[in-house]
Amino acid sequence: MKIALIGHGVMGRLIENLAYDDNHEIVEIIDERDANLSVSELAEKLKIADVAIDFSTAEAVRRNVEACLLAKIPLVEGTTGWNNEFESIKKLVEESDGTFIFGANFSVGVNIFYRIVSQASELFAKFPDYEPFIEEQHHSRKKDAPSGTALKLKALVEDKVGREFSVSSTRAGNIPGTHIVGFDGLADQICLTHVARTREGFASGAIVAAKWIVDKKGFWEFTQMMDEVFK
């Protein structure tokens, strides 16, 4: 598989190394030197790839989507913080008959954690004295807070318990990512925790998503891919 990397920071370099280990080819790397490329110029650089993987910035997502649509290649979107453009980007992909897969978190473990949290929330919905909360921690370079993963967890819990609640965020040092979903009652507190030891889980998941999406069409969430795996 020929991969174009958009963004060559920590995640981009991890994906590069894992891709080579998995016998894939990195045919193009787009970094900050390409920030001023037009959509058509970027598309020209990307069209030699089978798929693009984007871990750049939220501000660049629309341009990257438009360029991949023009180049007629699928895009794996690992960047978060673009929720305000979600509906317009979805419409753009669908109207262009493009291919796009995104995820608040590409870690397989986190996606299993989503299912555990959803099932637990369904149980706690029967006992309203337990109040839910979420705490998340990430490295100081992460711009969006709460994280996309925390927002996804919040939506899962709220869907089951039928009430809104708060999310607290910490940004410090080099924390890869910790998410705690808690249910606090009068007599006790129950917490479910996912701790990322390294970012390799996110990178390997993005490559799995690229292999899965490369021969498909449509607008997909990583959880939909995982649903297929869990069948």
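The reply starts with a helix pair and then moves to other parts of the chain.

Reply: A caution comes before the details. This is a predicted model.

Start with H5 and H6. H5 covers residues 108-124 and H6 covers residues 148-161. Their axes come within 8 Å and cross at roughly 25°. An angle under 35 degrees counts as roughly parallel. H5 and H6 are therefore roughly parallel to each other. Their crossing is right-handed. On the H5 side, the contact is made by Val110, Phe113, Tyr114, Val117, Ser118, Ser121 and Glu122. H6 contributes Thr149, Lys152, Leu153, Leu156, Val157, Lys160 and Val161. Sorted by class, the contact of H5 with H6 has 8 nonpolar, 3 polar and 3 charged residues.

An α-helix has 3.6 residues a turn, so residues three or four places apart point the same way.

Two residues of this contact lead elsewhere. Take Lys152 of H6. Lys152 is also touched by Glu221, which reaches Ile101 and Phe102 as well, leaving out residues up to four places away in sequence. Glu221 sits in strand E10, residues 218-221. With a relative accessible area of 18%, Glu221 is buried. The cut-off for that label is under 20%.

Thr57 lies in the loop between strand E3 (51-54) and H3. At 31% relative accessibility, Thr57 counts as partly exposed.

H7 holds residues 200-213 and H8 holds residues 222-230. They pack at an angle of about 75°, and their axes are 11 Å apart. The range for roughly perpendicular is 65 to 115 degrees. H7 and H8 are therefore roughly perpendicular to each other. From H7 come Gly205, Val208, Ala209 and Trp212; from H8 come Phe222, Met225 and Glu228. The residues of this contact divide into 5 nonpolar, 1 polar and 1 charged.

Pro146 is in the loop between E6 and H6. A cis peptide bond joins Ala145 and Pro146, with omega about 0°. Most residues other than glycine have a negative phi, and most peptide bonds are trans.

Strand E6 spans residues 131-138, and His138 lies in it. His138 counts as buried, at 8% relative accessibility. Its side chain makes a polar contact of 2.8 Å with the side chain of Glu136. Beyond neighbours within four places in sequence, His138 is in contact with Ser147, Thr170, Arg171, Ala172, Ile175, Pro176, Gly177 and His179.

Next comes H3, residues 61-71. This helix is mostly covered, with 8 of its 11 residues buried. The buried ones are Val61, Arg63, Asn64, Val65, Ala67, Cys68, Leu69 and Ala71. Look at Leu69 in particular. Leu69 counts as buried at 18% relative accessibility. Leu69 touches Leu92, Val93, Ser96 and Gly98, not counting residues up to four places away in sequence. The C-alpha atoms of Leu69 and Lys142 are separated by 28 Å, and these residues are 73 apart along the chain.

H3 is followed by Lys72. Lys72 has phi near 60°, a positive value in a residue other than glycine. It is placed in the loop between H3 and strand E4 (75-77). Lys72 is exposed, with a relative accessible area of 73%.

Asp97 also has a positive phi, about 55°, although Asp97 is not a glycine. Asp97 lies in the loop between helix H4 (86-95) and strand E5 (99-102). Its relative accessible area is 48%, and Asp97 is partly exposed.

To return to the packing: H5 and H6 are roughly parallel, whereas H7 and H8 are roughly perpendicular.

Note on methods: Residues are numbered from 1 along each chain as its sequence is written. This is a predicted model: local features need pLDDT of at least 70, side-chain atom pairs count only at pLDDT 80 or more; totals for chains, interfaces and linings use all residues. Side-chain values use heavy atoms; hydrogens and water are left out. Axes are lines fitted to C-alpha atoms, for helices over the stretch in contact, and angles run from 0 to 180 degrees between N-to-C directions. Helices (H or I, at least four residues) and strands (E, at least two) are DSSP runs, numbered from the N terminus. Angles under 35 degrees count as roughly parallel, over 145 as roughly antiparallel, 65 to 115 as roughly perpendicular and the rest as oblique. A crossing is left-handed if the near helix is turned anticlockwise from the far one by less than a right angle, and right-handed if clockwise. Contact means heavy atoms within 4.5 Å. Ala, Val, Leu, Ile, Met, Phe, Trp, Tyr, Cys and Pro count as nonpolar, Asp, Glu, Lys and Arg as charged, and the others, Gly among them, as polar. Buried means under 20% relative accessible area, exposed over 50%, partly exposed in between (1.4 Å probe, protein chains only). A polar contact is a pair of N or O atoms within 3.5 Å; within protein, one must be able to donate a hydrogen and the other to accept it, and residues adjacent in sequence count only if both atoms are side-chain atoms.
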